[in-house]
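Please look through the structure below with these notes beside you.

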Amino acid sequence: MTTHLTRLTAVIFLTQLGCGGGDRVSDATTTIPDVQLFTGARIIVGDGRVVEDGAFIVRDDLIVEVGSSGEIGTPPDAQLVDLIGRTVMPALVNTHAHLGWERYTSWGSENFTRENLIDHLRRHAYYGVGTIISTGSDIEEIALEVRHAQRLGEVDGARYLVSPGLGTPGGGPNPRFTDDAGWWGLHSVTGPAQAREIVRAEAERGIQILKIWVDARDERRGAAVKLQPEIYAAILDEAQVRDIRVIAHATTLEDHKRLIEAGARRFIHMPYDADVDDEYLQLVEVRNVFIVPTLGMVTRREPFRRPVHEDPFFQEQVPDEVIAMLRAGTAESASPDRPRSPAAEERARVIRDNFVALRDHIILGIDAGAVGDFFGYADHLELELFVRLGMTPSDAIVAATTRAAHAFGLNEIGGIEAGKRADFVVLDANPLDDIMQTREIAAVYLRGVEVDRAGLRAGWVE
């Protein structure tokens, strides 16, 4: 297979996508064709359809034609890429993470730097995540600069979407964030008029997605009162006027119902406190609601969860010191024979049953960076959990690609179709047979350019 198809446009040297610690540098001593023809692969479109022995043409960073290998002609001067025996699927779309704070041997606000943020975008790219929405914990000054630089082609990695957060004074993220001395706060709102002003200001900065925290999360900081309905109704209304998508952090059935009636269509977390009822399911169906279940966060102590330090798919991209740290932490907290409490058993049942009831509205989101999961790698664990709880592998891929993109109006990504951005993953196996096969990554292409996974891996493990 052709192994490096980076397109060059400037003068002397090329730093390939993701190599080293700096940003990508474009150069021009070598020119690679602007048109690429990929042939012979099984194509998982992303919406449930499959094209066996398929072909597709990429021009610059766009997919311009998709069909069977016999139907697609060879454009003049096209670079041919033989994918016989392989499977192609869309790059994943992760709608919930917290970038910047994690550095794998440390965690905290001191890690939120331009360099570390770009590293996290590259880690997602390495594992086949094409787009990442970072929700509510980014330092906006740094985040917006990186977002702008990526749009100019100066920063590589997964496509980065910033989602600032709004909540009650003292509310918002969990105490792990807010107990950090460097926590800068969220947009605190105390009334509808103020909420509208904040939405307007964020719209002027080019923000496309906002997060709202509804739960009363941290009573130590005065968050004993939830975000009130009149406030989140004002946020949702102003956001609609400004063409901003809002995602709500809420975990109770009653809050979900009220938010949907106020216009909310995207949620972080399912209802965890009760079984969903017919009224709620009808609201979800009629309003076309999307839900990020974050199963990995709520099942991390389940007996089927393999410790990450034992997984070669994780080990391949971190140094030995990270593996040693994780191994030591697991040994210290191990209690393999500890039974779950009746309350924990009941919570697990509610999560399982609600997931099944909502399966057609589920989208991918991880919460990595806030609770200890690892960027890119955790996305594949979540797909495994989707299938474990009742989805087919095809269902899980739809939830993690086309549906996730559609939930946020990201119409140019999430599928292998004409007009979509050329963000896709080449696999050595078929994940429709076994969702674990999404790990068999032969190559990742973002914006029509192959990610230098070997170069990234070498830089991370040294």
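1. The structure holds 28 salt bridges, a salt bridge being a side-chain nitrogen of Lys or Arg within 4 Å of a carboxyl oxygen of Asp or Glu. This is a predicted model, in which local features need pLDDT of at least 70 and side-chain atom pairs count only at pLDDT 80 or more, while totals for chains, interfaces and linings use all residues. Residues are numbered from 1 along each chain as its sequence is written, and side-chain values use heavy atoms, with hydrogens and water left out.

2. D61 forms a salt bridge with R421, their closest N and O atoms being 2.9 Å apart. The pair links distant parts of the chain, 360 residues apart, with D61 in the loop between β2 (50–59) and β3 (62–68) and R421 in the loop between α14 (402–407) and β15 (424–427); here helices (H or I, at least four residues) and strands (E, at least two) are DSSP runs, numbered from the N terminus.

3. D61 counts as partly exposed because its relative accessibility is 24%, and R421 is also partly exposed, at 22%. Buried means under 20% relative accessible area, exposed over 50%, and partly exposed in between (1.4 Å probe, protein chains only).

4. R159 and D423 meet in a salt bridge at 2.7 Å, N to O, and this pair too links distant parts of the chain, 264 residues apart, from strand β8 (residues 159–163) to the loop between α14 and β15. Both R159 and D423 are buried.

5. R242 forms a salt bridge with E238, with 3.0 Å between the closest N and O atoms. Salt bridges that share partners join R196, R200, D237, E238 and R242 into one network.
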